[in-house]
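Please keep the sequence and the structure open while reading.

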Amino acid sequence: MERKEFESYLKKYAEQIETIRQQAYALHQSVNQSYGDGLPYGYHLDMVVSGIRDFGHLMCDNEDDVLPLIFGGYYHDSIEDARQSYNDVLGVARNLLTEEQAHMAAEIVYALTNEKGRTRAERANDKYYAGIRQTPYAPFVKLCDRLANVSFSCSGDDGNNTRMREIYKQEMYHFLQSIAGDGDDPRMKLPHETVLRLAECLIDDMEREEHNGKVWWQEY
């Protein structure tokens, strides 16, 4: 889809998108979830959707997929962090989208919900990544989620930002390999332009880190 066409759909559905945004904001506020140093969690949600707005034209070739993609961005943490069930999310989506769109949106959210685990590795295990790879648009939304977190970690020098920046550097090659969908379905792909944007924060420290003769951001 051409960028102008995608942007025209964002304008066409601006009212619905704002409703999705406000409801997602209110949901995370209701459980007192914050982001970073006391920011409202909506700050993170807006960053994720900003990535979708910037690169969604590279993924969508169907107008009907635009709203589920935006919904997936705003609600991607709702089951994991805001005490929602799959059916809760599906019910919200049904009030805002068509039945087919609602199922697509809920599947994205479900795919991006971590598994139960005591550690970061246990929560993002092989089953978790397999679910992402098998769900239309989930790899892209997860990539935008990581882009938002990496960008935030690169925006400050406090201890937590520095710690998370190092974690993201160490994880990056495995992370991209794990979420990149198999097969020919374009909805499972990772846009190269988005991966390059992700590299902008980390490239200085990782430009010499090669895997099979290629630097990590050149493989996608």
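**Helix H9 and its surroundings**

The axes of H9 and H11 approach within 8 Å and cross at roughly 50°. H9 is therefore oblique to H11. The model is a predicted one, and the points below are grouped by topic.

**H9 against H11**

- The contact brings Tyr129, Ile132 and Arg133 of H9 together with His174, Phe175, Ser178 and Ile179 of H11.
- Sorted by class, the contact of H9 with H11 holds four nonpolar, two polar and one charged residues.

- Which residues of helix H9 (residues 126-133) are buried? They are Tyr128, Tyr129, Ala130 and Ile132.
- These buried residues of H9 pack against helix H7 (99-111), helix H8 (120-123), helix H10 (138-153) and H11.
- The N-terminal end of H9 is capped by Asn125, which places a side-chain oxygen 3.2 Å from the backbone nitrogen of Lys127.
- Lys127 itself is part of helix H9.
- With a relative accessibility of 60%, Lys127 counts as exposed, because the cut-off for that class is over 50%.
- Lys127 and Glu115 are separated by twelve residues in sequence, and their C-alpha atoms are 7.9 Å apart in space.

**Arg165 in H11**

- Arg165 belongs to helix H11 (residues 159-179).
- Is Arg165 buried or exposed? Its relative accessible area is 14%, so Arg165 is buried, the limit being under 20%.
- A polar atom of the Arg165 side chain lies 2.3 Å from the backbone oxygen of Ser153.

**H2 against H4**

- In general, a pair of packed helices is described by the angle between the two axes and the distance between them.
- Helix H2 (residues 14-30) packs with helix H4 (residues 66-75) at an angle of about 20°, and the axes are 9 Å apart.
- H2 and H4 are therefore roughly parallel to each other, as angles under 35 degrees are counted that way.
- The crossing of these two helices, H2 and H4, is right-handed.
- From H2, the contact uses Gln16, Ile17, Ile20, Arg21, Gln23, Ala24 and Leu27.
- From H4, the contact uses Leu67, Ile70, Phe71, Tyr74 and Tyr75.
- By class, the residues in the contact of H2 with H4 are nine nonpolar, two polar and one charged.

**Val66 in H4**

- Val66 is placed in helix H4.
- The relative accessible area of Val66 is 0%, so this residue is buried.
- Leaving out residues up to four places away in sequence, Val66 touches Phe6, Tyr9, Leu10 and Cys60.
- Val66 and Lys4 are 62 residues apart along the chain, with 13 Å between their C-alpha atoms.

**H6 against H7**

- H6 and H7 pack at an angle of about 145°, and their axes are 8 Å apart.
- What is the handedness of the crossing of H6 and H7? The crossing is right-handed.
- On the H6 side, the contact has Tyr86, Val89, Leu90, Ala93 and Arg94.
- These meet Glu99, Ala102, His103, Ala106, Glu107, Val109 and Tyr110 in H7.
- The contact of H6 with H7 divides into eight nonpolar, one polar and three charged residues.

**Positive phi in loops**

- In general, most residues other than glycine have a negative phi.
- Asn32 is not a glycine, yet its phi is positive, at about 55°.
- Asn32 sits in the loop between H2 and strand E1 (34-35).
- Asn32 has 70% relative accessibility and so counts as exposed.
- Arg83, also a residue other than glycine, has a positive phi near 65°.
- The location of Arg83 is the loop between helix H5 (78-81) and helix H6 (86-96).
- At 70% relative accessibility, Arg83 is therefore counted as exposed.

Conventions. Residues numbered from 1 in each chain as written. Predicted model: local features only at pLDDT ≥ 70, side-chain atom pairs only at ≥ 80, totals over all residues. Heavy atoms only, no water. Axes fitted to C-alpha atoms, helices over the stretch in contact; angles between N-to-C directions. Helix = DSSP H or I, 4+ residues; strand = E, 2+ residues; numbered from the N terminus. Parallel < 35°, antiparallel > 145°, perpendicular 65-115°, else oblique. Left-handed = near helix turned anticlockwise from the far one by under 90°. Contact = heavy atoms within 4.5 Å. Nonpolar A, V, L, I, M, F, W, Y, C, P; charged D, E, K, R; others polar. Buried < 20%, exposed > 50% of the residue type's maximum accessible area, 1.4 Å probe, protein only. Polar contact = N/O pair within 3.5 Å; in protein donor to acceptor, adjacent residues only side chain to side chain.
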